Each structure stands twice: as structure tokens, then as C-alpha cells.
Amino acid sequence: QVQVVESGGGLVQAGGSLRLSCAASGRTFSNSAMGWFRQAPGREREFVAAIRWSGGRTLYADSVKGRFTISRDNAKNTVYLQMNSLKPEDTAVYYCAAGRGSSDMGEYDYWGQGTQVTVSS
């Protein structure tokens, strides 16, 4: 089992920044990567970014490239999502998950409870 806990959400004005954190614990060696997904009201959950624990290879959705940066601290089993130049359309519940590093939700086995990000215009 892997436990995943997100933190860092909140309310921010458009153009502002937020940093989300995701702490993983338990059998973390069983998953090679961590990913961030988001779900806006009335919409399906979508991929945001992913990073591999080993080597740090990253993957981003086109909608966040150049604005969001995913990083990891292996010693702390923690992954971060730095979100800059936020837009109202970034408003969603953001979920962190442990899996294999692709954009496919089906390849993530353990999920956090989510943290709300609200961007006001």
C-alpha cells in the first residue's frame, strides 16, 4: 500500500502562483512515478503532469506547459507542482497519484483525496 497526501491548495487571483505538495508513504518503491491530475466541476479528471522518481523525467499536459513545473525530493518522498500564471480555467480539485508515469489515469494505483485550487478572475 502507498498513502498519498496532497496539500497547498487555495484561492489565488489570475496571474498568481501556488505550489502543491504531495507526500507519499508506505511501499513507495512499488511505484516508479508520481502524477498530478485535476478535475473541474462537471468535467472529467484530466492529466496535468508526471515525474519519475529515478532520473526525474517529466511529462506535461499541453495546457500547462510553460506555466507548471513538477519536481521531486526523493529523500522526502515528496513531489511538488509549482503553478505560475494561473488562469480561471485552472480551477479544479488537484489529485496526486502514485503509478507508472504516463498520462493514463489507469496506470496510477494510489490516489490522494485531492486539494482545491480556485483561481479568481
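1. I would start with the salt bridge between the side chains of Asp90 and Arg67, where N and O lie 2.7 Å apart. A salt bridge here is a side-chain nitrogen of Lys or Arg within 4 Å of a carboxyl oxygen of Asp or Glu. Asp90 sits in the loop between β8 and β9 and Arg67 in the loop between β6 (58-60) and β7, so the pair ties together parts that are 23 residues apart in sequence. Strands are DSSP runs (E, at least two residues), just as helices are (H or I, at least four), and they are numbered from the N terminus.

2. A word on the basis of all this, before going further. This is a predicted model, in which local features need pLDDT of at least 70 and side-chain atom pairs count only at pLDDT 80 or more, whereas totals for chains, interfaces and linings use all residues. Residues are numbered from 1 along each chain as its sequence is written, and side-chain values use heavy atoms, with hydrogens and water left out.

3. The classes are: buried under 20% relative accessible area, exposed over 50%, and partly exposed in between (1.4 Å probe, protein chains only).

4. Next, please look at Arg38 and Glu46. They form a salt bridge whose closest N and O atoms are 2.7 Å apart. Arg38 counts as buried at 6% relative accessibility, while Glu46 is partly exposed at 30%.

5. How many salt bridges does the rule give? The count comes to five. One of them joins Arg100 to Asp109, with the closest N and O atoms 3.3 Å apart. Here Arg100 is partly exposed, at 39% relative accessibility, and Asp109 is partly exposed too, with 41%.

6. On to the cysteines. The model has one disulfide, the term meaning a pair of cysteine sulfur atoms within 2.5 Å. The bond joins Cys22 to Cys96, with an S to S distance of 2.0 Å. The link of Cys22 and Cys96 is left-handed, with -85° about the S-S bond. Because Cys22 lies in strand β3 (residues 18-26) and Cys96 in strand β9 (residues 92-99), the pair ties together parts that are 74 residues apart in sequence. Cys22 is buried at 0% relative accessibility, and Cys96 is buried at 0% as well.

7. Val4 is 45 residues from Ala49 along the chain, and the C-alpha atoms of the two are separated by 16 Å.

8. Two backbone values are worth checking by eye. Most residues other than glycine have a negative phi. Asn77, although not a glycine, has a positive phi of about 50°. Asn77 is found in the loop between β7 (68-73) and β8 (78-83), and with a relative accessible area of 24% Asn77 is partly exposed.

9. The other is Ser85, where phi is also positive, near 50°. Ser85 lies in the loop between β8 and β9, the loop that holds Asp90 from my opening point. Ser85 is partly exposed, with a relative accessible area of 40%. Not counting residues up to four places away in sequence, Ser85 touches Gly15, Gly16, Ser17, Arg67 and Asp90; Arg67 and Asp90 are the partners in the salt bridge I began with. By contrast, the C-alpha atoms of Ser85 and Arg43, 42 residues apart along the chain, are separated by 22 Å.

Key. Contact = heavy atoms within 4.5 Å.
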